[in-house]
Amino acid sequence: MAWYSILPPLIAIAVVFWRKEVIIALILALVSSEFLLALHGQQSLIAGTFVGSIERVIEVATSAGNSRILIFSIVIGVLLAYIRESGGVAATVNMLLNRGVAKSKRQVGLLTMFTGTAVFIESNMSVLTSGIVARGLFDKFKMSRARLAYIIDSTSAPVCILILLNGWGAYVLGLLSNYELEQSAVSILWGSIAFNFYAIIALLIVLYTIVFDKVHGPMRAAEQELKHHTAEISSGPSATKSRYMLIPLLTLIVSMIGFMFWTGDGVLANGSGSKSVLYATILASTVAYLLLLTGKRFSHHELMDVGFKGMGELLPLVSIVLLSLTLGASLKELGTGTFIASLVGDYLPIYLIVPVLFITGAIMSFTTGTSWGTFAILIPIGVPLIQALGLPPSLVLGAILSGGIFGDHCSPISDTSAVSALASGCDLLTHVKTQLPYALVGGVLAIICFFIASLIMI
């Protein structure tokens, strides 16, 4: 596809930052993408654009994997509402404060980062778990929800791609296994961890903001604004029992691991993330419902009202997730990712190939909102370069994985960004705006690292 395949994601990003409207931006990008497809198809422009956009939404929504993500995005609202209204959050915050586990901003930040790191099985689960644990603590210490969204978002995807004992590792391994290389696919994959510079740098920057309690740019403005409006922060329901939060949360984590083993026929890395996270969320919501019902905190009818209210609160974000997935599917057919990947030209100096692969992956993942889609396009481009030019396999793979992670956790049209905003209770655009400067700094440092590594190793 020609250069104009990049226009729809550029329209989305421009509208997001100009009009501060994510849903409108996604709709305009989708319609423009379908218009370009109709322009080269057999249908009329009007019918192809209008009908094509609707059918694309239906096609995405009827995909089993996408349906699970959408249902999960709704059901998690029930769980969050039950935990919030139970008084368990306030009780857990008090317990952590009394035990000295979270008695300073630094400890709260480290606890949040540790929780996100410990739940490395699935990025959305990592985000949700650490977000639920830390919400009340961040409010207690008057740290902004934008800061919480940044910490959990910039921990989840980097950790998942560095530890690799999960669906991420299995997916990349599957892509690599299609090629004949001197080293085994497993050894190349594990070797890429040391060269996944962006993921490593992202985690180090998060650690810096926590240890030194330093925030910069729009994040600093968000923190200062919070200090001036402390009276408006709602304390929420009064403290009851911490078990109303901890037992559903523990159920979520343990059952997620169990379902990953179950769906992977006993192999954790082969498990289905979309199935496991949905099953675990429904089970945890059921446990929370039974706890509140048997504890006589609420009646059945009250719990149903709370649950549906929780679902309703998340409908805007669920719409964003649906439109993000739909736009991604449309851009795939349009060939946006392939066009961006073609920017890696045949005439680049050999020591620039790896840095350019990272930059290409970063642009691709940012404009399409998907890291796995970026991996699927760039690995078939990178592996032949390894074979033809003798490039270090793990270094090339590290650049591709780093590029994919960049967009996955900072693109305004990424479903991971939406889930991070959901988990932290932060506005999506505020999250993207406050996180982007940190991501860009990490991206520049990663380019420098890939350039130096290329000069040394090639």
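Modeller: Helices here are DSSP runs of H or I with at least four residues, strands are runs of E with at least two, and both are numbered from the N terminus. On that basis the protein, which is a predicted model, has 21 helices and zero strands.

Side chains of opposite charge can pair when their charged atoms come close.

One of its partners is Glu-59, with the closest N and O atoms 3.6 Å apart. Both residues sit in helix H3, which covers residues 45-61, and they are three residues apart, about one turn of the helix. Their surroundings can be given by relative accessible area, where under 20% is buried and over 50% is exposed. Arg-56 has 8%, so it is buried. Glu-59 has 47%, so this residue is partly exposed.

Arg-56 also forms a salt bridge with Glu-333, at 2.8 Å from N to O. This pair connects distant parts of the chain, with Arg-56 in helix H3 and Glu-333 in helix H15 (residues 300-334), 277 residues apart. Glu-34 comes in as well: Glu-34, Arg-56, Glu-59 and Glu-333 are linked in a network of salt bridges.

Another pair is Asp-139 with Arg-145, whose side chains meet in a salt bridge at 2.7 Å, N to O. Asp-139 is partly exposed, with a relative accessible area of 23%. Arg-145 is also partly exposed, and its value is 23%.

As for the fold as a whole, residues 24 or more positions apart account for 78% of the contacts with a separation of 6 or more. Of the 458 residues, 54% count as buried. A compact globule of 458 residues would have a radius of gyration near 23 Å, and the 22 Å of the protein agrees with that. Along the principal axes, the C-alpha atoms fill a box of roughly 70 × 55 × 50 Å.

The protein exposes about 19,000 Å², of which carbon and sulfur atoms supply 66%. There are 25 positive and 23 negative charges, and their mean positions are 14 Å apart.

Definitions and conventions
Residues are numbered from 1 along each chain as its sequence is written. This is a predicted model: local features need pLDDT of at least 70, side-chain atom pairs count only at pLDDT 80 or more; totals for chains, interfaces and linings use all residues. Side-chain values use heavy atoms; hydrogens and water are left out. A salt bridge is a side-chain nitrogen of Lys or Arg within 4 Å of a carboxyl oxygen of Asp or Glu. Buried means under 20% relative accessible area, exposed over 50%, partly exposed in between (1.4 Å probe, protein chains only). The radius of gyration is taken over C-alpha atoms; the globule rule is 2.2 Å times the number of residues to the power 0.38. Contact means heavy atoms within 4.5 Å. Accessible areas come from the Shrake-Rupley method with a 1.4 Å probe; for residues, only the protein chains shown count as cover. Lys and Arg count as positive and Asp and Glu as negative; His and the chain ends are not counted. The place of a charge is taken as NZ of Lys, CZ of Arg, CG of Asp or CD of Glu.
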